[in-house]
Structure formats: structure tokens, C-alpha cells
Amino acid sequence: MVNAADGGARSLPPGQRQAPLRRFGLPEFAAVRPVVPDRPVVRVGGAVRGPTQIPVGELMALPGRREARSDLHCVTTWSATGLTWGGVPFRAVHESLVQRVAAHPRCSWVVFVGLDGYRGCLRLDDALSEDVLLADTLDGVPLTVERGAPLRLVAPAHYGYKSVRHVCAVEYRLRHASGSAGWAEHPRGRVRREERSRILPGRVWRPLWRMQVAPVRRRYARYAGSEWRPRGGRYGGV
Ligand SMILES: Nc1nc2c(c(=O)[nH]1)N[C@H]1C(S)=C(S)[C@@H](COP(=O)(O)O)O[C@H]1N2
Ligand SMILES: [Mo]
């Protein structure tokens with residue numbers, strides 16, 4: 001899939017402005033540097049009869065591997081455009097798993113969990129869309145920790161808070177389960193419909209979110225790259 005975005009500002013969805021891709025997220029996760037295991041696995045659980053875990057290498061060898069260009073739209077109004085992610089569609093992973101774990105037939109939501117403890121919940125049919133990838137490369141290069149190693153969800157039609165970095169678990173759910181962004185997020189978070197939040201129309205949130213960008217960027221910059229010295233934060237004193 002190659003998306004229609006040409007990287008120009010005119011192609012951005014309502015309320016979004018172009019920005020380079022830099023590590024970003026909830027302020028409380030800025031200081032959490034996940035340790036990526038040598039042989040990473042993805043735990044599969046939730047409303048399933050047979051929870052299991054699968055090596056990331058095995059998942060990435062599933063059929064359907066592809067590279068796809070897409071944009072990342074953060075709810076705080078910045079968008080990074082023209083990102084080429086490489087990986088396997090979540091749909092292929094789901095198809096190979098759903099029997100194996102005996103997921104409850106009425107599962108209609110799925111939660112992705114990151115090694116940093118971050119959680120994002122998608123409606124299952126949204127997650128099964130052709131353009132949703134579990135990616136392990138960006139622009140042909142294996143993901144660094146900064147970019148979301150070992151595996152990152154890419155859900156281009158949804159706000160960035162659904163695109164969980166460092167995926168280490170997939171949980172099938174019967175009902176929507178709030179992600180780490182809690183009350184601030186929308187259960188579906190579709191960018192096209194500007195579903196920034198479940199309360200108030202999306203455009204009302206634009207100026208409020210925009211004010212958050214600079215302070216959150218500063219906070220993440222403190223922990224960037226080799227300067228990334230986790231202190232304090234959610235997992236205290238690590
Ligand atoms: N594990 C994890 N994934 C996460 C987040 C996070 O804090 N932890 N933040 C989310 C948010 S709000 C956004 S906008 C994107 C940002 O992706 P980037 O760090 O590559 O810019 O990651 C998303 N995935
Ligand atoms: Mo975001």
C-alpha cells in the first residue's frame with residue numbers, strides 16, 4: 001500500500017501540522033526506557049482459552065510481509081509524513097493466532113501492550129484493516145529502541161496513541177478497555193473523523209493539545225538517544 005499523502009502540508013488531515021518524527025508520547029512514559037530482550041516474544045492473552053507466547057522472529061516470518069508508506073498523526077496536532085514501515089499485517093498475525101489461542105468468538109477489541117507498560121486499545125475490525133502492520137523496520141532499517149523496537153504497531157488511519165511501540169503483548173477483549181491515555185482518548189481515534197477524544201468535537205481539542213507539544217517535546221528531549229538517562233517516572237528510580 002502506498003498512501004495518497006505526498007508529504008505536502010495540503011494533504012494533512014484537519015488540524016494537523018507537519019513535523020519530523022521524534023520520540024513522543026504521554027509525559028509519564030518519557031523516562032521509561034524499555035530493555036529489549038535478545039529473543040523478544042509477544043504474549044497473546046485476554047479472552048482466550050489458551051494464552052501463549054510467540055517469538056517475534058516467528059511472527060515476522062508469517063506470509064504477507066510488506067513495506068508500506070504512511071503518515072503518523074499525533075492527537076496533539078503534529079504529523080510525521082512519508083514513513084516507510086516494514087512488517088507483517090496484524091491481520092496475518094491474527095489469522096494465524098486466533099485458532100491457536102481459541103479466542104472468544106465475541107472478541108471485538110484488541111489491546112497492544114508495550115515493554116514500557118504503555119497500552120493502546122483498538123476495535124478489532126480497525127486493527128484487521130489491510131494497512132495495520134506490526135512493523136520491525138522503518139525506512140528499511142531495523143527499529144531502534146527509540147523508534148519502538150522490537151516491534152511497533154502502525155495504524156495509520158488512527159491517532160498516534162493507538163500505534164503502540166515496543167509491542168510485547170496482544171490481548172483480545174470482549175469490550176473496549178481504556179488505553180494509557182485514559183479519558184483523553186477516543187475508543188476508535190479515527191483521524192479522518194477527527195476522533196481526538198470521546199468528549200467534545202475534535203476541533204475543540206486542537207488548540208488545547210497544541211499547547212502540550214512544546215513541553216512534552218522538551219521532556220522527551222531530556223531522555224533522547226544516548227542522553228536517555230531514565231530517572232523517576234512511572235517505574236520509579238529505574
Ligand atoms: N510504548 C509506547 N508506545 C507509544 C507511546 C508511548 O508512550 N509508549 N506513545 C504514543 C503516542 S501518543 C504517539 S503520538 C506515538 C509517537 O511515536 P514516536 O515516538 O515514534 O514519535 O507513539 C505512540 N505509542
Ligand atoms: Mo500522540
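How many bridges join strand β6 to strand β7, and do the two run parallel or antiparallel? Five bridges join β6 (residues 109–114) to β7 (residues 119–123), and the two strands run antiparallel.

## Basis of the description

This is a predicted model, in which local features need pLDDT of at least 70 and side-chain atom pairs count only at pLDDT 80 or more, while totals for chains, interfaces and linings use all residues. Residues are numbered from 1 along each chain as its sequence is written, chains are lettered from A and ligands numbered from 1 in the order in which they are written, and side-chain values use heavy atoms, with hydrogens and water left out.

## Overall architecture

The secondary structure of the protein comes to four helices and 11 strands, where helices (H or I, at least four residues) and strands (E, at least two) are DSSP runs numbered from the N terminus. Of the 238 residues, 52% count as buried; buried means under 20% relative accessible area, exposed over 50%, and partly exposed in between, with a 1.4 Å probe and protein chains only. Among contacts (heavy atoms within 4.5 Å) between residues at least 6 apart in sequence, 68% join residues at least 24 apart.

Strands count as paired if DSSP finds at least two bridges between them.

The C-alpha atoms of V42 and V113 are 9.3 Å apart in space, although the two residues are 71 apart in sequence.

## Nonpolar cores

In soluble globular proteins, nonpolar side chains tend to be buried together. A nonpolar core is here a set of buried Ala, Val, Leu, Ile, Met, Phe, Trp, Tyr and Cys residues joined through side-chain atoms within 4.5 Å. The largest such core has 63 residues, and those with the most contacts inside it are W78, W85, F90, F112 and Y172. Leaving aside neighbours within four places in sequence, F90 is in contact with residues including V110, F112, L124, L134, V170 and Y172.

A second, separate core of six residues includes V113, C121, C168 and A169. V113 belongs to strand β6 and is buried, with a relative accessible area of 8%. Beyond four places in sequence, the contacts of V113 are Y118, R119, V164, H166, V167, C168, A169 and E171.

## Pocket and cavity

On a 1 Å grid over the protein atoms alone, a cavity is a set of points where a 1.4 Å probe fits but cannot get out, whereas a pocket is an open set with protein on both sides within 12 Å along at least five of seven lines; lining residues have an atom within 4 Å of a point. The largest pocket has a volume of about 510 Å³. Of the 32 residues that line this pocket, F24, G25, L26, Y118 and Y161 are the closest to its centre. Helix α4 (residues 202–222) gives the largest share of the lining, four residues.

The count comes to one cavity of 30 Å³ or more, and about 50 Å³ of space lies in the largest cavity. Its lining includes S70, D71, L83, W85, R152 and S163, and the elements giving two or more residues to that lining are β4 (66–73), β5 (78–89) and β10 (152–154).

## Residues in the loops

Both E194 and R192 are found in the loop between β11 and α4. E194 is buried, with a relative accessible area of 11%, and touches P14, Y159, G202, R203 and R206 when residues up to four places away are not counted.

P27, in the loop between β1 (17–18) and β2, is partly exposed, with a relative accessible area of 33%. Apart from residues up to four places away in sequence, P27 touches V216, R219 and Y220. The C-alpha atoms of P27 and R219 are separated by 7.0 Å, although the residues are 192 apart along the chain.

Terms used. Grid points are joined across faces, edges and corners, and a volume is the space filled by probe spheres set on the points.
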